[in-house]
Amino acid sequence: RIPDELVEHYLGRSGFHCPDLRLTRLVAVAAQKFISDIASDSLQHCKARVAAPVKDNKSKQPKDRRLVLTMDDLSKALREHGVNLKHPEYFADSPSAGMAPSTREE
C-alpha cells in the first residue's frame, strides 16, 4: 500500500490539490497497480531472456537458476506501458559496460 502522505506529496508537486481522501486513495491504488504490472512484466522478460538458447557453444548454462532483473527487462516492460526509458551507455548493467566497443565480447 502506498501511503496517503506520499501520494498527496506528489499530487501537490504536480499542482493537484484535492481535499477528498477517497480520490487520493484511488490514485494510490492506480499507482500500485501500475507498479505491480511493471514488475510482473519485467519478470516475464527476465524469464524469457534466461530461457533463450545460448548461441555460443563454449559457454554453458549456469546450473544456478536465480533470476536477475536487468535494466533491459525493466525498459521493455515500461515501453509496453508507454514509458520510454533510456539509460546511458556507461550504465553498469553488464560486465562489458564501460569497455571500448572493440573489446566487448557480446
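**Exercise 1. Determine which residues D73 touches, leaving out residues up to four places away in sequence.**

Solution. The model is predicted: local features need pLDDT of at least 70, side-chain atom pairs count only at pLDDT 80 or more, and totals for chains, interfaces and linings use all residues. Residues are numbered from 1 along each chain as its sequence is written, and side-chain values use heavy atoms, with hydrogens and water left out.

Step 1. Apply the contact criterion, heavy atoms within 4.5 Å. With residues up to four places away not counted, D73 touches S42, H45, C46, R49 and V68.

Step 2. Examine the side chain. The side chain of D73 makes a polar contact with the side chain of R49 at 2.8 Å. A polar contact is a pair of N or O atoms within 3.5 Å; within protein, one must be able to donate a hydrogen and the other to accept it, and residues adjacent in sequence count only if both atoms are side-chain atoms.

Step 3. D73 belongs to helix α3, residues 71-80. Helices (H or I, at least four residues) and strands (E, at least two) are DSSP runs, numbered from the N terminus.

Step 4. Compare sequence with space. D73 and A39 lie 34 residues apart in sequence, and their C-alpha atoms are 9.5 Å apart.

**Exercise 2. Decide whether D73 and K76 are buried or partly exposed.**

Solution. Step 1. State the classes: buried means under 20% relative accessible area, exposed over 50%, and partly exposed in between (1.4 Å probe, protein chains only).

Step 1. D73 has a relative accessibility of 1% and therefore counts as buried.

Step 2. K76 is also placed in α3. Its relative accessible area is 40%, so K76 is partly exposed.

Step 3. Extend the view to the helix. The buried residues in α3 are M71, D73, S75, A77 and L78, and their cover includes α2. Just after α3, G82 adopts a positive phi of about 85 degrees.

**Exercise 3. Identify the buried residues of α1 and where they lie around the helix.**

Solution. Step 1. Helix α1 spans residues 4-13, and its buried residues are D4, V7 and L11.

Step 1. Viewed down the axis of α1, these buried residues fall within an arc of 65 degrees, so they line one face of the helix. The arc is that of the directions from the helix axis to the C-beta atoms.

Step 2. Recall the helical repeat. An α-helix has 3.6 residues a turn, so residues three or four places apart point the same way.

Step 3. Inspect the face turned away from the buried side: E5 and R13 are exposed there. Just after α1, G15 takes a positive phi of about 95 degrees.

**Exercise 4. Describe how α1 and α2 are arranged and which residues make their contact.**

Solution. Step 1. The buried residues of α1 pack against α2, residues 21-51.

Step 1. The two axes come within 9 Å and cross at roughly 90 degrees. Axes are lines fitted to C-alpha atoms, for helices over the stretch in contact, and angles run from 0 to 180 degrees between N-to-C directions.

Step 2. Classify the angle. Helices α1 and α2 are therefore roughly perpendicular to each other, a term for angles of 65 to 115 degrees.

Step 3. D4, V7, E8 and L11 of α1 meet L21, T24, R25, V27 and A28 of α2. By class, this contact has 5 nonpolar, 1 polar and 3 charged residues. Ala, Val, Leu, Ile, Met, Phe, Trp, Tyr, Cys and Pro count as nonpolar, Asp, Glu, Lys and Arg as charged, and the others, Gly among them, as polar.

Step 4. Consider T24 of α2. Its relative accessible area is 3%, so T24 is buried. Beyond its neighbours within four places in sequence, T24 is in contact with D4, V7, E8 and C18.

**Exercise 5. State how many helices and strands the protein has, and what share of its residues is buried.**

Solution. Step 1. The protein has 3 helices and 0 strands, in the order α-α-α from the N terminus.

Step 1. Buried residues make up 15% of its 106 residues.

Notes
Angles under 35 degrees count as roughly parallel, over 145 as roughly antiparallel, 65 to 115 as roughly perpendicular and the rest as oblique.
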